Amino acid sequence: LRLAENQAMEEIKDAARVFYRSKLLIGIALLTLPFCGCYAFRYYGRTGIGMIPAQLQQALSLSLYLFIITMFLSYEYHKKLKATGIAEAAAATPEGKNGQPFWSAGIVLSIWICMVTLFLILCVICCYSFYHIKDPNGEYIKHIIWNMLLNIFLIMELGLLIGSFLSRFRNRFVPYFTMILAAYLVSPYSEELAGQISQSTDGKSPVYRFVELFNIMPLVYTKFAPNYSFGESLLPYRVALILFWCAAVLTGIFLSVPRTRKWGKLSALLSCVCLLVYLVPSSKVIMNGNPANTLAHDQYYYSIQNAKLRDEEGGYHIRSYRMELSVGLRLTADVLMEVDESLPEYKMTLYHGYKVKSVSDGNNHPLKVSQEGDYITVKNTENLNIQKIRLVYSGCSPAYYSNIQGIFLPGYFAYYPRTGFVPLFDRETYDFKECFVNPNTEFA
């Protein structure tokens, strides 16, 4: 065991020597730090609206550049190892047959990635400290660190894995073409093309479903105004998406080495699990033109799909609401409403993104319900003396998010039932109408 450890250490040292003896590799690696520092301190000391969160956003805008740099360094580094003969010499040993030189190179590059990530964390914290803002619980510092780990460290590690995998190819055309294609797909330019295709087909093209599989970069790369209240997304679906690609590329690396193919099956399973987590319905904050699950959804839903907008009196009033709201991946609600009359049916309005699971009266007697778009009809088919109605539902809205990172549910938005059928959207202004309840209504 000690002999194997010593051999592994020697291989890491040999791989490190190849790295710092190459003027191209060490030059790019060293120049990356001052480049990141200058870029991160661009807005240092500036005052004005949005300048505090801009410090973090400025640093995160390096994600794409660092991803490309790491891909190139990883590819050229692994090719350099082959050219020096270290990989061939190590192949004579069992560890070498398991691809040990490539893992040694990965460790060397991971150390450099850790240095870059730590350096950027310190830069952003330094920029943030200029404003002397009280943060007793260190929430913003935690937000900075987690963002750097996700959007810098993990994305750079993905670049490392891609470069390592592509170094298996003998010619340079396929690897460089793949790296250019990967850089394009994760950049904002692919989403711009997807937006043009989607608009030309009135949102019917599935191009966004494909493009969003490569949407690993932070929100700062979009052309939309930043959401200062929410910050940069750290939601589970983003973590799962980046880990999916890491595991998928790692699967290719494992399968390319005969003795590590059993690990390839494990990493393939991990990539499938991450993909499933990514696909789980949740409240996401995505800023692009996708009509399926972004801010453009409601404009597409009400205007292009021409969803029904109805305006009908309910014939009753809701005296009080008792709401139990819980937020995880999306909003789950248990709402008990006290009504002033017992009627054959009750017309209600609830945003169409929330799906009703069950309806009952105050005695937990089940009631029949139908839901069509924003409109719910609760039917009293047994002529019960109804005084209270209980609705259980869950869901989300692309515009008004509710997840583990943040909640934005304004009072005029129908995230809880309203009396009668109310038109929620204005097709002329392409925006939501304000939908308030009676000011005398009680809430608990």
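What follows is a short walk through a few packing details of this structure. The model is predicted, so local features need pLDDT of at least 70 and side-chain atom pairs count only at pLDDT 80 or more, while totals for chains, interfaces and linings use all residues. Residues are numbered from 1 along each chain as its sequence is written, and side-chain values use heavy atoms, with hydrogens and water left out.

Let's start with two helices (DSSP runs of H or I, at least four residues, numbered from the N terminus; strands are runs of E, at least two). Helix 9 (residues 173-186) and helix 10 (residues 188-200) have axes that come within 4 Å and cross at roughly 65 degrees; axes are lines fitted to C-alpha atoms over the stretch in contact, with angles from 0 to 180 degrees between N-to-C directions. Helix 9 contributes Tyr184, Leu185 and Val186, and helix 10 contributes Pro188, Tyr189, Ser190 and Leu193, where contact means heavy atoms within 4.5 Å.

Next, look at histidine 352, in the loop between strand 3 (345-349) and strand 4 (354-361). Histidine 352 counts as buried because its relative accessibility is 7%; buried means under 20% relative accessible area, exposed over 50%, and partly exposed in between (1.4 Å probe, protein chains only). Leaving aside residues up to four places away in sequence, histidine 352 touches His297, Asp298, Tyr301, Tyr302, Gly373 and Asp374.

Finally, lysine 284 is worth a look. Its charged end sits over the ring of tyrosine 237, 4.9 Å from the centre, and lysine 284 also lies over the face of tyrosine 278, at 4.8 Å from the ring centre. Such a placement requires NZ of Lys or CZ of Arg within 6 Å of the ring centre and within 35 degrees of the ring normal.
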